[in-house]
Amino acid sequence: MSKAQQKPKILNVKTVASSRMFRIQSVDLTFSNGESRVYERLLPEGRQAVMIVPVINDDILLIREYAVAIEDYELGFPKGLVEQDEDILVAANRELMEEIGYGARKLTVLSQLTLAPSYFASTMTIVLAEDLYINKLEGDEPEPLTLVAWPQEKMMELLADPDFNEARNVSALFLTREHLNLRAGSEL
């Protein structure tokens, strides 16, 4: 590794705030060129997340869910936290059953994403769910989620929907399109 590629030296890490879901840490760094900085990072309380793109017949399934940070409803894919010691695919199937009332016989990991990794130490695994069957589990949502079926052949039109704009959902859409195109040997 060249000097320009050396990771900065961490001089000090301290927790400056915490909640039931996150810790905020102050991190003192010295870079290989001698520059020093103090960064803050947000750490989730030790759990991964999963986002699932369910496909049934010729449709992809989305949910409409309230997003408190933007104070509005957002159209996106089912998602949730992975329980401690839970397999990622088991978590994906559980979240599907809780949020849309379907399980999947076929689950495929498409990718693992980070969101704002300079500030937020969280990962989300994107999973494609196929061969769905009805199976509803009780979830932790405060209100029923609205299920929206969207035709696969019009999946990229989701990008024009004003309620579909969260970065992880957009990434999941592109990853799904690429996976389905490669498998089918065609363009969607």
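Which strands do the buried residues of α1 pack against? Keep that in mind as you click around. You're looking at a predicted model, where local features need pLDDT of at least 70, side-chain atom pairs count only at pLDDT 80 or more, and totals for chains, interfaces and linings use all residues. Residues are numbered from 1 along each chain as its sequence is written, and side-chain values use heavy atoms, with hydrogens and water left out.

**Stop 1: the helix**

Select residues 88-99, which make up helix α1. Helices (H or I, at least four residues) and strands (E, at least two) are DSSP runs, numbered from the N terminus. From first C-alpha to last, α1 reaches 16 Å, close to the 16 Å expected at 1.5 Å a residue; the expected span is 1.5 Å times one less than the number of residues.

Now show the surroundings. Of the 12 residues in α1, 10 are buried, so the helix is largely enclosed by the rest of the structure. Buried means under 20% relative accessible area, exposed means over 50%, and partly exposed is in between (1.4 Å probe, protein chains only). Among the buried ones are I88, A91, L96 and M97. And the opening question? The buried residues pack against β4 (49-56), β5 (59-67), β7, β8 (102-114) and β9 (123-134), where contact means heavy atoms within 4.5 Å.

Zoom in on the start of α1: a side-chain oxygen of D87 comes to within 2.9 Å of the backbone nitrogen of L89. Then hop to G101, just after the helix, which has a positive phi of about 80°.

**Stop 2: aromatic pairs**

The whole structure holds 3 aromatic pairs. Rings of Phe, Tyr and Trp (its six-membered ring) pair if their centres lie within 6.5 Å; planes under 30 degrees apart count as stacked, over 60 as edge-to-face and the rest as tilted.

Pick Y66 and Y73: this pair is edge-to-face, 5.3 Å centre to centre with 65° between the planes. Y66 is partly exposed at 41% relative accessibility, and Y73 is partly exposed at 35%.

Next, select F77 and F164, another edge-to-face pair, at 6.0 Å and 85°. F77 sits in the loop between β6 (72-76) and β7 (79-81) and F164 in the loop between β10 (146-151) and α2 (167-184), so the pair ties together parts 87 residues apart in sequence. Both F77 and F164 are buried.

**Stop 3: a sheet**

Finally, colour the open sheet of 3 strands, ordered β1-β2-β3 with antiparallel pairing. Two strands pair if DSSP finds at least two bridges between them. The edge strands, β1 (9-18) and β3 (36-44), each pair on one side only. Between β1 and β2 (residues 22-30) there are 8 bridges.

Definitions and conventions: Polar contact = N/O pair within 3.5 Å; in protein donor to acceptor, adjacent residues only side chain to side chain.
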